[in-house]
Amino acid sequence: MSKLLPNQRHEAILTLLQQQGQVLAVEMAERLNTTEATIRRDLRQLAAQNLCKRIYGGALAPTPATGPIETRLHLSGDEKQALALAALALIKQDQVIFLDAGSTHLYLADLLPSDQRLTVVTNSLSIAAKMLERPGIRTILIGGELDADIGGCVDAKAVQEIDGFYFDIAFTGICAYEPGSGFFGAELSGCPVQETLADAFR
């Protein structure tokens with residue numbers, strides 16, 4: 001296959017995004033006979049035009065689900081409520097749990113019984129505020145710089161604080177899954193928090 005011009009690569013990337021909802025840089029590089037660096041540059045250019053949403057290792061098709069938390073809170077409410085109920089069944093007395101910033105986790109915070117003996121660690125100001133209504137639950141708020149799109153703290157300070165905990169269970173959000181490659185987040189800035197959480201289990 002001959003080398004494609006940038007606009008041809010962009011068209012191919014957007015077509016695949018429309019079909020699959022996500023693309024991985026390594027796969028696109030192989031498919032289009034170019035380098036990963038070239039594809040990453042293409043994805044940056046497309047993201048700058050709001051034609052895709054960058055994630056670690058690739059991109060997602062743009063959806064309202066990747067907007068500010070105030071917007072996401074009102075999208076797919078029934079599904080988020082069902083997920084929150086399923087998550088609630090996993091939580092036991094005396095556990096230390098982590099609730100990542102996210103609209104579904106805000107639904108879960110609403111469902112936590114006020115008399116349940118728990119320690120809730122969160123990087124979300126909104127979730128911490130919900131916990132004020134549940135004085136029986138010990139709440140620890142992770143600090144750092146607030147990210148308006150994510151709705152919580154995901155900077156280096158937040159990662160460092162999370163790294164000091166061991167959790168019985170952690171609830172975090174993902175936006176895509178690729179067999180053989182793993183999970184992907186919608187915001188590049190949130191990925192270090194999710195990677196740290198993966199190592200923070202008892």
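## Helix H1

The expected span of a helix is 1.5 Å times one less than its number of residues. Helices (H or I, at least four residues) and strands (E, at least two) are DSSP runs, numbered from the N terminus. The model is predicted: local features need pLDDT of at least 70, side-chain atom pairs count only at pLDDT 80 or more, and totals for chains, interfaces and linings use all residues. Residues are numbered from 1 along each chain as its sequence is written, and side-chain values use heavy atoms, leaving out hydrogens and water.

Helix H1 (residues 6-20) has 15 residues and should span 21 Å, which agrees with the 21 Å between its end C-alpha atoms. Just after H1, Gly 21 has a positive phi of about 85°.

Arg 9, His 10, Ile 13, Leu 16 and Leu 17 of H1 are buried (under 20% relative accessible area, with exposed over 50% and partly exposed in between; 1.4 Å probe, protein chains only). They cover an arc of only 130° around the axis, so they lie on the same side of H1; the arc is that of the directions from the helix axis to the C-beta atoms. The face turned away from this buried side carries the exposed residues Asn 7, Glu 11, Gln 18 and Gln 19.

The buried residues of H1 pack against strand E1 (22-24), helix H2 (25-31), helix H3 (36-48) and strand E3 (58-60), where contact means heavy atoms within 4.5 Å.

## Helix H3

The 13 residues of H3 should span 18 Å, and its end C-alpha atoms are 18 Å apart, which agrees. Its buried residues are Thr 38, Ile 39, Asp 42, Leu 43, Leu 46 and Ala 47. Their cover includes H1, E1, H2, strand E2 (53-55) and E3.
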